Structures are given as structure tokens and as C-alpha cells.
Amino acid sequence: MQEHSSLTNQLLIAMPNLEDPNFSHSVTYICEDNDEGAMGITINRPLELDLGDILDHMSITCTDPDVRGRQVFMGGPIALERGFVLHAPHGGWESTLEVTDRIGLTTSKDILQALADGAGPKQAIVALGYSGWSREQMDREIAENSWLNVEATEEILFDQPIEERWTTAASQLGIDINLLSGEAGHA
């Protein structure tokens, strides 16, 4: 059996030929990768709703228009009714997966309350749903040339304009992804 390298804290960049509408031209931050599979949050699929809509739905009061207007993302096609907050720094939230020494993924309501109160993490992406792969599926899709991966940076995660995340992530590998062929070569 082939040894698997962990993709945790990597950006999974969809190759131009990936036609799945959930992942075409997507960038997904891998939060956890182990023998069971991989789980991540897609960081460049904005939804047509904002954080104010989520806060209202959860009966969390927030009057700050900047907080209410924050973009919400489709984190992936799985469990679209569940909310996830990808953030830095960690903080002391009830339910946080520590991805790195600075980046966490939180699913508890207390982080949304903190964001509404202006006391949340400095950098945060709010998403509905997540992306997930079985170990075999991920290995197969990488072998089929569906994905590139590169070490994540907080700048790409939180500061890069949404529409530039796909090309910027690929440029970290020294390539222009728009010039890549979708055909895999095997020797």
C-alpha cells in the first residue's frame, strides 16, 4: 500500500479540467487529512447571503453593518445546514479543531456570538457546509490530475480577494493555472 502524505494545512486547487460544479475553479483549505479521508472548507465560493442573515436565523443580535455584511461561503456540498468558521488566531471557542498553531476551524455558536459582539477572531471565513473525500477518493482524484496542492498561507485564506484566490494559490507553485492542460501524463 502506498504511503500517504497529509494534505492538512494545504490548499487544494482545482485543475482547469475539473468539471464538477461543486469544485470547478475552486480552492479548498484542507483542515484535516488522515487514514479516514480529508475534510476542508472551500474558500472561494461566496453564497448570496451574508453573516447578518445567519445571525438573524440564529437569533444573535448584531447591529454593526460591517459584521452583518460579511460574505458567507459554500464550504462544500456536504452538510450545507451546518456552519463552520475558519479563523486565526485560535481563541477559546467551545468546539475548535486546531489545524495549525494559528488556524482553527470552529463549529460552535459562541464564535458567531463573538463575531457579532466585535470580539471574534481577527480573521475569519464563515461557511455553510464542508468538502470531504474518502482516502481512496482523494488519492484517485490526485492521480487523475484533478487537483494541485500547495502549502496554505493566511494571506491567501483571509486577505486575497475572493476572485483571485484560485490563480494566486496556483501561482505559489510558480505556474499560471490558466495555461495548464488538464491531461495527465504517465511514464
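Visitor: Among contacts between residues at least 6 apart in sequence, what share joins residues at least 24 apart?
Guide: Note that this is a predicted model. The count takes in contacts between residues at least 6 apart in sequence. Of these, the share that joins residues at least 24 apart is 65%.

Visitor: How many helices and strands does the protein have, and what is its radius of gyration?
Guide: There are 6 helices and 10 strands. For 187 residues the globule rule gives 16 Å, and the protein comes close to that, so it is as compact as a globular protein of that length. Its C-alpha trace spans about 60 × 35 × 25 Å along the principal axes. The radius of gyration is 17 Å.

Visitor: What percentage of the residues counts as buried?
Guide: The cut-off for buried is under 20% relative accessible area. The accessible surface comes to about 9,600 Å², with 46% of it on carbon and sulfur atoms. Of the 187 residues, the buried share is 48%.

Visitor: How far apart are the centres of the positive and negative side chains?
Guide: The protein carries 10 positive and 31 negative side chains.

Visitor: How do the rings of Phe23 and Trp147 pair?
Guide: The structure holds 4 aromatic pairs. In this one the ring centres are 5.6 Å apart and the planes stand at 80°. Planes over 60 degrees apart count as edge-to-face. The pair of Phe23 and Trp147 is therefore edge-to-face.

Visitor: How many residues apart in sequence are the parts that this pair of Phe23 and Trp147 ties together?
Guide: Phe23 lies in the loop between strand E1 (10-14) and strand E2 (27-34). Trp147 lies in strand E10 (residues 147-151). Phe23 is buried at 8% relative accessible area, and Trp147 is buried at 4%. The parts tied together are apart in sequence by 124 residues.

Visitor: Which residues form one aromatic cluster?
Guide: Trp133 and Trp147 also make an edge-to-face pair, 5.8 Å centre to centre with 85° between the planes. Trp133 sits in strand E9 (residues 123-134) and Trp147 in E10, so this pair ties together parts 14 residues apart in sequence. Trp133 is buried, at 5%. The cluster consists of Phe23, Trp133 and Trp147.

Visitor: What covers the buried residues of H3?
Guide: In helix H3 (residues 109-116), the buried residues are Ile111, Leu112, Ala114, Leu115 and Ala116. Just after H3, Gly118 takes a positive phi of about 80°. The cover of the buried residues includes helix H1 (51-57), helix H2 (65-68), strand E6 (78-88), strand E8 (104-106) and E9.

Visitor: Is Ala124 buried or exposed?
Guide: Ala124 is found in strand E9. Leaving out residues up to four places away in sequence, Ala124 touches Arg70, Val85, Leu86, His87, Leu115 and Phe158. Its relative accessibility is 13%. The cut-off is under 20%, so Ala124 counts as buried.

Visitor: How far apart in space are Ala124 and His90?
Guide: In sequence, Ala124 and His90 are 34 residues apart. In space, C-alpha to C-alpha, the distance is 10 Å.

Methods: Residues are numbered from 1 along each chain as its sequence is written. This is a predicted model: local features need pLDDT of at least 70, side-chain atom pairs count only at pLDDT 80 or more; totals for chains, interfaces and linings use all residues. Side-chain values use heavy atoms; hydrogens and water are left out. Helices (H or I, at least four residues) and strands (E, at least two) are DSSP runs, numbered from the N terminus. The radius of gyration is taken over C-alpha atoms; the globule rule is 2.2 Å times the number of residues to the power 0.38. Buried means under 20% relative accessible area, exposed over 50%, partly exposed in between (1.4 Å probe, protein chains only). Contact means heavy atoms within 4.5 Å. Accessible areas come from the Shrake-Rupley method with a 1.4 Å probe; for residues, only the protein chains shown count as cover. Lys and Arg count as positive and Asp and Glu as negative; His and the chain ends are not counted. The place of a charge is taken as NZ of Lys, CZ of Arg, CG of Asp or CD of Glu. Rings of Phe, Tyr and Trp (its six-membered ring) pair if their centres lie within 6.5 Å; planes under 30 degrees apart count as stacked, over 60 as edge-to-face and the rest as tilted.
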